[in-house]
Amino acid sequence: MKKAAIHLEDLSISYGKTPVVFDVEFSVAEGESFALVGESGSGKSTILRAISGLAPDWTGKISVLGKPRGHAPDRAFAKTCQMVFQDPYGSLHPRKTVDDCLAEPLAVHGIGGRDTRVKDMLDAVGLDQRFRFRFPHQLSGGQRQRVAIARALMLEPRVMLLDEPTSALDVSVQAEILNLLKKLRREQGLTYLMVTHNLPVVSFLCDRMAVMRHGRVVEIAKVDALKTGRLANPYSRELYAASGGTLQPA
Amino acid sequence: MSAPLLDIENLTVTFPTSRGPVDVVKGISFSLGRERLGIVGESGSGKSMTGRSILRLIRKPGRVTADRMTFDGIDLLSQSERQMRELRGARISMVMQDPKFSLNPVMTIGDQIGEALLTHGKLPRRELKARVLSMLEAVRINEPERVANLYPHEVSGGMGQRVMIAMMLIPEPDLLIADEPTSALDVSVQAQVLDIIDDLVTGKGMGLILISHDLNLVSRYCDRILVMNSGEIVESCKAGDLNKATHAYTKGLLAAMPRMDEERDELPVLDRSTWTTGAGT
């Protein structure tokens with residue numbers, strides 16, 4: 001196994017006095033695509049938020065690409081790891097054009113050549129150049145999610161945190177975004193840590209998955225086990241059956 | 001087959017826009033007996049508008065026209081607002097998508113369910129309470145006595161949705177319209193809620209219209225499926241024959257969904273030009 005892109009040790013996270021995630025441990029190899037699945041409230045999104053620095057109330061160890069992550073906002077960290085949120089309608093600034101939105105990370109980090117970088121990125125995520133000076137409300141849901149992915153990729157991160165990137169989209173648009181994510185990962189060698197509750201999406205995009213329940217990881221399984229229905233934990237099996245899969249003995 | 005419960009012919013829903021009137025539902029016809037009918041389509045396909053127009057819930061400036069729209073022999077189009085109110089809830093009811101926005105936040109669950117009954121008839125208080133509790137039990141809520149005294153914010157999404165189903169089914173309607181009843185819920189809870197709807201609907205011999213964007217889910221719970229695209233019904237088939245679908249749009253939708261045992265390297269993407277020009281695949 002290659003160097004770990006994301007490594008979590010004894011990670012516990014709380015919001016104020018409420019503990020949400022307990023003693024989570026796993027690592028994601030570089031170039032791997034890893035999924036966190038589970039029902040709402042199981043703490044899967046919270047783990048992403050802790051890694052990206054949005055939920056600073058955690059104990060344990062988080063390291064990304066070998067570097068330990070601190071609790072404070074970290075500019076250098078933003079260059080290695082970026083997050084894409086669930087709702088493309090809520091995650092883009094309504095009064096900034098696509099161009100502003102994509103150029104902002106470059107301005108914050110003092111990177112030049114913004115014009116060509118924005119153009120190239122629009123091409124990479126399959127958006128026509130005529131969308132460059134439009135506002136989010138002039139785009140469809142799928143186009144917005146492409147902008148959100150483009151924004152995350154502007155700083156050329158190695159690790160992407162994806163929080164239900166397709167659950168707000170229609171089936172046919174979901175297929176486009178999933179293809180895009182797969183293509184980007186192949187071309188740029190990205191590492192994905194993705195939260196989803198859609199097991200078929202895991203089967204399409206991921207190599208391994210962790211099943212979470214009540215803030216704990218109950219099972220880590222290879223995607224082959226998911227494809228053949230040979231999951232071990234009773235809860236994972238329940239989730240699998242609820243998604244319409246046919247169970248096999250573990 | 002006896003006379004259909006619901007018979008709709010050439011239903012059109014129109015909204016005026018700055019660029020002239022737009023038909024969001026373009027002259028669709030279907031009929032429904034005491035069976036489970038699924039309407040599937042993507043956002044903007046007009047599936048929810050179809051459901052709402054049956055209950056005449058489309059407000060101005062939207063306009064509903066149809067050659068025929070009858071429910072159990074009643075012409076829905078010629079009913080007055082007052083007459084419609086008598087139908088809504090009592091004969092036809094509707095489960096909405098999100099319990100968070102559809103339940104009254106300042107009324108206890110028990111009161112809300114009871115209100116659904118009282119609106120359509122008088123009932124002694126003791127009997128009312130017994131009916132509410134037995135309905136809560138029917139939607140598999142443990143400790144109905146305790147839950148009846150809770151407010152909507154004190155229960156989970158899955159339980160809220162079950163409360164809503166209880167509220168909609170307690171007047172024993174003949175037709176239930178469920179508009180994305182499980183989209184706001186977790187996968188594991190989804191199956192439970194749909195099983196409850198299924199049990200109650202088949203047990204009481206009601207008609208069900210299940211509106212959803214999830215083809216697989218609809219094919220598991222319905223007898224018949226209508227596939228809608230941009231205001232038109234493009235395919236109508238038995239749930240079991242979904243994989244024999246003939247229309248390019250239905251085929252495209254089915255292929256675009258990742259499967260549990262996914263081996264394809266890339267998902268086929270809908271080419272939207274093929275069926276609008278009528279070329280087909």
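**Contacts, cores and the interface**

Guide: The model is predicted. Leaving aside neighbours within four places in sequence, Ile149(A) is in contact with Val84(A), Val125(A), Met160(A), Ile177(A), Leu180(A), Leu181(A) and Leu184(A).

Visitor: What makes Ile149(A) part of a nonpolar core?

Guide: Ile149(A) belongs to the largest nonpolar core, of 112 residues, and is among those with the most contacts inside it, together with Met160(A), Met209(A), Leu226(A), Ile113(B) and Leu176(B).

Visitor: Why is the pair Asp265(B) and Arg186(A) called a salt bridge?

Guide: The N to O distance between the side chains of Asp265(B) and Arg186(A) is 3.8 Å. The cut-off is 4 Å, so the pair qualifies. Across the interface of chain B and chain A the rule finds two salt bridges. The elements giving two or more residues to the side of chain B that touches chain A are α8 (187–204) and α10 (248–256) of chain B.

Visitor: How many residues of chain B are in contact with chain A?

Guide: 24 residues of chain B are in contact with 27 residues of chain A. The two chains bury about 2200 Å² between them, 57% of it on carbon and sulfur atoms.

Visitor: How do you know what confidence the predictor has in chain B?

Guide: The mean pLDDT of chain B is 86, and 95% of its residues reach 70 or more. Over residues 274–281 of chain B, pLDDT stays under 50. The model scores ipTM 0.74 and pTM 0.82.

Note on methods:
Residues are numbered from 1 along each chain as its sequence is written. Chains are lettered from A and ligands numbered from 1 in the order in which they are written. This is a predicted model: local features need pLDDT of at least 70, side-chain atom pairs count only at pLDDT 80 or more; totals for chains, interfaces and linings use all residues. Side-chain values use heavy atoms; hydrogens and water are left out. A nonpolar core is a set of buried Ala, Val, Leu, Ile, Met, Phe, Trp, Tyr and Cys residues joined through side-chain atoms within 4.5 Å. Buried means under 20% relative accessible area, exposed over 50%, partly exposed in between (1.4 Å probe, protein chains only). Contact means heavy atoms within 4.5 Å. pLDDT is the predictor's confidence in each residue, from 0 to 100. Buried area is the accessible area (1.4 Å probe) that two parts lose on being put together, summed over both. Helices (H or I, at least four residues) and strands (E, at least two) are DSSP runs, numbered from the N terminus.
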